[in-house]
Amino acid sequence: TGVDDALDLFENSGYTEYCGRGGVHVGMRDKLWGITHDDQYSEIIKPALETCHEVTCVGQSLAGTLCNILTMCANTGPENLRA
């Protein structure tokens with residue numbers, strides 16, 4: 001959904017560690033966390049990802065950023081699929 005106003009931008013301007021890697025934007029981490037803690041993700045996507053040897057994901061803008069973080073987590077180990 002992106003940045004709704006200047007306050008969102010200010011609150012989400014920090015970086016943190018996620019899936020064992022530093023430098024992850026807090027706002028992007030929060031978006032991905034919401035996705036990976038959704039029931040549909042747990043029931044459909046996570047079991048499919050656990051059978052993969054490598055994960056590739058594509059997207060544009062926000063989706064591209066989320067894809068990069070998701071693949072980083074998935075490719076560093078199955079325990080990171082629900083970080």
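Colleague: Why is Cys67 called buried?

Modeller: Cys67 has 7% relative accessibility, and buried means under 20% relative accessible area, exposed over 50%, partly exposed in between (1.4 Å probe, protein chains only), so Cys67 counts as buried. Bear in mind that this is a predicted model, where local features need pLDDT of at least 70, side-chain atom pairs count only at pLDDT 80 or more, and totals for chains, interfaces and linings use all residues. Residues are numbered from 1 along each chain as its sequence is written, and side-chain values use heavy atoms, with hydrogens and water left out.

Colleague: What makes Cys57 and Cys67 a disulfide?

Modeller: Their S to S distance is 2.1 Å, and a disulfide is a pair of cysteine sulfur atoms within 2.5 Å, so the pair qualifies. Cys57 lies in the loop between α3 (39-49) and α4, and Cys67 in helix α4, so the link ties together parts that are ten residues apart in sequence. Helices (H or I, at least four residues) and strands (E, at least two) are DSSP runs, numbered from the N terminus.

Colleague: Is Cys57 buried or partly exposed?

Modeller: Partly exposed, because its relative accessibility is 29%.

Colleague: How do you know that Cys19 and Cys73 are joined?

Modeller: Their sulfur atoms are 1.9 Å apart, and the two form a disulfide. Cys19 sits in the loop between β1 and β2 and Cys73 in helix α4 (residues 62-76), so this pair ties together parts that are 54 residues apart in sequence. Cys73, at 2% relative accessibility, counts as buried, and so does Cys19 at 11%.
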